[in-house]
Amino acid sequence: MREPGRSALVLGPSGSGKSHLLASALEAEGSGVILMAMGLDEVESYRRFYPEAEIVATQADVERVVQKDDAGNAFIASEKPYLLAAFDDDDFYPSLGQWKAKGLENAVQWLRLVYAALAKQPSDQEPRWKVLGVDTYTGFGELAGNAMSGKLKFISPPKARGEGGAEYYVGYRNKLIEFSRACRAIRGFGCHWLATAHVQMREASDTYTGQDVSAKEQQMAMFTGAFREQVPSFFDLVLYTGVSSNGKHYAQWQADKFRHSKSRYVMDPAALDAKGRLENDWPTISKAILST
Amino acid sequence: MEQLAPYLDAGLVVLSPTRGELAARCHRRHLLSDRLHLRPRVADKSPALTFGGSVHVARDAFWEEATDPDGYELPERRPRALEAAQEAFRSHYPDPGLDYHTVDLGMLLLAEYAKNAKLGGVVPGDWKILHREQRFHYDLPLSDSATLRIYYTIDTLLENAEGELCIMDLKTASKLSGLWRASQTNAIQIRAYKALEEARLGRPISYVQVEGLQKKDDSGRMEYVWADASWTPSYVSEALQLLKGIGLADFRFLSTAGGSFDSALAAALTNPALATFNQMDCKSYYYTCPFYDLCYSDPELRIGLALSDYEVDVQDYLDQGAD
């Protein structure tokens, strides 16, 4: 049975080095696909790959890169080792009555093209792309929110218990699960899946308070509702990025003290400092990942 | 195909009554877990299954201590037998346990067992144990070129002074309800045990009983179900025919799945002609099927998801056919 790629959720505030980790993975592995949202906000992080990258941001780019075979099936025609694809809802202006929000749907279609290409490869061949990056996962969450707002005609997200609230938030969650499933499926073909996410602090709650860490210290991916709780379970491990007081970027791994850990991987204690930190660099992190 | 069915070239398909029972509930689940030996990469064992396995180990240790070499009970040894059982449970069961299936619950059930267990169950008389937890196999022809080998393990086979035989099977259950009693009386597994042992021994089995131990309400309540009280010979032999049907379906799957792990995986996940799927069984026994997420995802993505989230359990592959 093929060995799947590894997966990591990379959490951190702006400027902490999340995209840097994805870029280092692209460089170390030599190939990869990065899906960016919202739009081209994150593309500057991948500037050094431009000469060897296919950049897809407009409909014209899509028509150039996606072709159809004799049977009418769409496929990615580019042979470049890197694909940088940006997604946004350019025509979504709810206050002006413009409800078209197809960014997330387009991203899922793109993921399915990547999946189809990898699935066609013989199992003993290295995957065509070795990294699947999602930058930022929370940006795609925004697109999911737009999609539901567009569908239900909400100018802003409704209250969960108000009219349309259940439909909105269930639909939001289902759309993100569909997106996440496609990413997980791609990982099955040996492609590492790394996803960045902006963070929010978990609300204080007795349920999540332990002996030595309070609920206030819990950083969560900035999603809405129940999906936020579910997200870590999609990944082999969760990393936090930050900048230390002397200006050095780091990645940090913390075993979850409050829940029975279901992580398939742990980090080599010898590779971590006293605070569970290591260099924010894919080869270093990849080497420090151990199977449980 | 060797990885999938090491005995297939010899025309053998192996199965156990337990796995046959699972296959009768959902063939796809049986193929994924028992033919492709897939397990979630993130360990997520059924708490009830893990707990029940440890209680079986403990019960075996109990009767090992509580009987003489000829298999007759020594009542004065019960306290020591209880200690042995509890020690065996503690060694076998993960600490602190899974959800409400705690080590303390195990200790409670074993204490109740030591107090209430009767070697012959509801049938009075002077009983002795002939064998405990022994594994046998029985070959059933599927066709001219294929055979179904059924592996099975009986918890206890007993004999009384009149030479009558009794199968005693232990079950732990959330609640010993009417529904539970009915399920024990009708289960393929328990009927198959009678048919298989009668075929092996060439003698009738006079009684088939289930020792039930209740987990909920911390009651540790015990109950004996006389499972075969209303069974007819045809009803018993039907269990073997059901297992044969499953063997035939598995043989067809293994023979036509294309000769590789990848094609067998694709067939199990996306070809309903070879692998039927029972959506009513996804959440039976209060536990979600480990393949639930696969079955309810887009069929086009299932192979990738299976490769991402599951791995082949090598030990299970080596133990193929074991109960």
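1. In this predicted model, the buried residues of helix α3(B) are P47(B), T50(B), F51(B), G52(B), S54(B), V55(B), A58(B), R59(B), A61(B), F62(B), W63(B) and A66(B). The helix covers residues 47–66 of chain B, 20 residues in total. From first C-alpha to last, α3(B) reaches 28 Å, close to the 28 Å expected at 1.5 Å a residue.

2. Helix α3(B) packs against helix α4 of chain B (residues 78–92) at an angle of about 150°, and the two axes are 7 Å apart. The pair is therefore roughly antiparallel, since angles over 145 degrees count as such. The crossing of α3(B) and α4(B) is right-handed.

3. On the α3(B) side, the contact includes F51(B), V55(B), A58(B), F62(B) and W63(B). Among the residues they meet in α4(B) are L82(B), A85(B), A88(B) and F89(B). The residues of this contact divide into 14 nonpolar, three polar and three charged.

4. H37(B) has a positive phi of about 60° and sits in the loop between α2 (27–35) and β2 (38–40) of chain B. With 1% relative accessibility, H37(B) counts as buried. K153(A) likewise has a positive phi of about 60°, in the loop between α4 and α5 (165–187) of chain A. K153(A) is partly exposed, its relative accessible area being 48%.

5. Chain A also contains cis peptide bonds. One joins A37(A) and M38(A), with omega about 5°; M38(A) belongs to the loop between β2 (32–36) and β3 (53–56). Another joins D135(A) and T136(A), also with omega about 5°; T136(A) is in the loop between β9 (131–135) and α4 (137–152).

Methods. Residues numbered from 1 in each chain as written. Chains lettered and ligands numbered in written order. Predicted model: local features only at pLDDT ≥ 70, side-chain atom pairs only at ≥ 80, totals over all residues. Heavy atoms only, no water. Helix = DSSP H or I, 4+ residues; strand = E, 2+ residues; numbered from the N terminus. Expected span 1.5 Å × (residues − 1). Buried < 20%, exposed > 50% of the residue type's maximum accessible area, 1.4 Å probe, protein only. Axes fitted to C-alpha atoms, helices over the stretch in contact; angles between N-to-C directions. Parallel < 35°, antiparallel > 145°, perpendicular 65-115°, else oblique. Left-handed = near helix turned anticlockwise from the far one by under 90°. Contact = heavy atoms within 4.5 Å. Nonpolar A, V, L, I, M, F, W, Y, C, P; charged D, E, K, R; others polar.
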